[in-house]
Amino acid sequence: MTSSASFDTLETLQADIAELFDRLPTLKNQQLIQQALATIVRLAESEIERLDWKILSAALADMERGFQLFYDYRHIRKVTIFGSARLSPETPEYQIALEFARAVCQLGFMVMTGGGGGIMQAGHEGAGRDNSFGLNIQLPFEQQANPFIEGDPKLIHFKYFFTRKLFLLKESDAVALFPGGFGTQDEAFECMTLSQTGKFGPVPVVLIDHPGGDYWRSWSEYINQQLVQKGLVSPEDPSLYTVTDNLEVACKAITGFYQVYHSSRYVGEQLVIRLSADLSDAAIDNLNANFSDILVKGKIAKSQALPQENQDETAELPRLVLYFNQRDLGRLYQMIALINQMGTTSIEEKAHPERK
């Protein structure tokens, strides 16, 4: 099939669609492709504005670039770094971001940033070009790609903030936030909102100050005083993130999250938690004793891959299955922390927390 760039004539488009329909019955994701095509057909038959079509077309082009870039790196865990574009290399915030990026790459992770200056540049400088992704945004000011990622094939430019944010979160296995302005605050609160509602993660979210800094500590105090104490969020919601000014603690918050916990997904009404090591029966009893409050019914139970997961690349991993209430995400993060203390992993597994 020809690339999207070649859709310059109706005849070319017709030929490519005909070829797609010929191949559709043999494609792995036939049903989902068919649903996407059906959506386009319904929109084409409806009355929507030209601007709507421009938004749809540009958003799809953004997603095409993102999907194609990340496919070859889907088995490597990645850390997204957020922070101010305005901080210079002389600032302590820049230096701690640089040191953090270097440290997580030495642990085997790759680094993603928005591709611009300031903290984003620090992330790429610390990670090095080979371990960096840049997800830049097309703006008339302030957002040129930094010299450490400029020209790299892992730098892509998005038209829309929402598609860019989609990939910065979808492809990340951890989020590290450094001090910044409105944009960074937006990213911090969006991470919390999506984590709190189960639309993102579970992944570790780390808010990092330079040694002795109080940007995130003050932020955390505000959350406690104005949100937790007033009942606007749950008392367990601060478990969704870690605040620190210590580089070792920041790295441990990420690697420790994947000590035993691997990943999770829903199969029907059940939450399936994949593990890199099996848990004992006594450990399962402990989980049920401590976390029965987050269950809609039944108990937390050990399981192998469910029938619906036969094609899953993680099918060989042991699992826990539970009817999670999908509300108490802070408690779920607390349970994951306990799981990571319970299991025994091999030296090989401990050396490679970055493998998906």
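**Salt bridges and their partners**

A: Asp186 is partly exposed, with a relative accessibility of 43%. In this predicted model, Asp186 forms a salt bridge with Lys165, and the closest N and O atoms of the two are 3.3 Å apart. This pair links distant parts of the chain, as Asp186 belongs to helix 7 (residues 182-196) and Lys165 to helix 6 (residues 161-170), 21 residues apart. Lys165 is buried at a relative accessible area of 14%, whereas Asp186, at 43%, counts as partly exposed.

A second bridge is found where the side chains of Asp281 and Lys302 meet, with an N to O distance of 3.1 Å. Because Asp281 lies in helix 10 (residues 281-291) and Lys302 in strand 10 (residues 295-303), this pair ties together parts that are 21 residues apart in sequence. Asp281 counts as exposed, with 54% relative accessibility, while Lys302 counts as partly exposed at 36%. Salt bridges with shared partners also join Arg129, Asp152 and Lys154 into one network.

The side chains of Arg217 and Asp214 likewise meet in a salt bridge, at 3.9 Å from N to O, which falls within the 4 Å cut-off for such a pair. Arg217 is partly exposed at 42% relative accessibility, and Asp214 is partly exposed as well, with a relative accessible area of 40%. The count for the model comes to 15 salt bridges, among them the pairs Asp186 with Lys165, Asp281 with Lys302 and Arg217 with Asp214.

How values were computed: Residues are numbered from 1 along each chain as its sequence is written. This is a predicted model: local features need pLDDT of at least 70, side-chain atom pairs count only at pLDDT 80 or more; totals for chains, interfaces and linings use all residues. Side-chain values use heavy atoms; hydrogens and water are left out. Helices (H or I, at least four residues) and strands (E, at least two) are DSSP runs, numbered from the N terminus. Buried means under 20% relative accessible area, exposed over 50%, partly exposed in between (1.4 Å probe, protein chains only).
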